[in-house]
Amino acid sequence: DEYLSYPVKLERWLMEGSYDRVWGATKREGVPSEEFGVFSEVLIGTIRDEIASCSEKAYPSLPIASAKNLLFLESEGSVVEFAQGRGWVVKDGRIYFPQQQEDMRTEKEVLLASGQVIENTIGYARELETIV
């Protein structure tokens, strides 16, 4: 049945991370009925947000043209609008992800955190030794 196979295919493609297949299936004549169109817009928005979140963590910046294709947006203007809505910085034809810079730790902070983990692990090992 086409009404059952359509959402099953979409779900499988989502689990695979094949967002381009989902995008194509929601935009083509492959949609079994008009009722699915309502959910398609919500689904595309969710996919777009997921890709945007991953892009923030994967790249320090992206060209606007690449972001347009990556986020399945129609124009560069819509990319700029989407970027501003997420708090990204648009400058010189690129999108910069400010959250990426905030999440980066200095080497000193990483060493301090590592030292604390090592200290805790040794303490746990000593306590375990006294128990056994």
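Mentor: Let's start with a rule: two strands pair if DSSP finds at least two bridges between them. Strands (E, at least two residues) and helices (H or I, at least four) are DSSP runs, numbered from the N terminus. This is a predicted model, so local features need pLDDT of at least 70 and side-chain atom pairs count only at pLDDT 80 or more, while totals for chains, interfaces and linings use all residues. Residues are numbered from 1 along each chain as its sequence is written, and side-chain values use heavy atoms, with hydrogens and water left out.

Trainee: What makes S1 and strand S3 a pair?

Mentor: Three bridges join S1 to S3 (residues 94-96), and the two run antiparallel. Three meets the "at least two" rule, so they count as paired.

Trainee: Why are S1 and S2 said to stand at the edges?

Mentor: The open sheet has three strands in the order S1-S3-S2, with antiparallel pairing. S1 (61-63) and S2 (89-91) each have a single partner strand, so one side of each has no neighbour in the sheet. From one strand to the next, the twist averages 25 degrees.

Trainee: Now the helices. Why are H2 and H3 called roughly antiparallel?

Mentor: H2 (residues 19-27) and H3 (residues 35-58) pack at about 155 degrees, with their axes 10 Å apart. Axes are lines fitted to C-alpha atoms, for helices over the stretch in contact, and angles run from 0 to 180 degrees between N-to-C directions. Angles over 145 count as roughly antiparallel (under 35 is roughly parallel, 65 to 115 roughly perpendicular, the rest oblique), so this pair gets that name.

Trainee: Which residues of H2 make the contact?

Mentor: Contact means heavy atoms within 4.5 Å. On the H2 side, Tyr19, Val22, Trp23, Thr26 and Lys27 take part, and H3 brings residues including Leu43, Ile44 and Ile47.

Trainee: Which residues of H2 are buried?

Mentor: Val22, Trp23, Gly24, Ala25 and Thr26 are. Their cover includes helix H1 (2-16) and H3.

Trainee: How do you know that Lys91 is partly exposed?

Mentor: Buried means under 20% relative accessible area, exposed over 50%, and partly exposed in between (1.4 Å probe, protein chains only). Lys91, in strand S2, has 48%, so partly exposed it is.

Trainee: And why does Ser75 count as partly exposed?

Mentor: Its relative accessible area is 33%, so Ser75 falls in that middle band too. Ser75 lies in the loop between helix H4 (64-70) and helix H5 (76-85).
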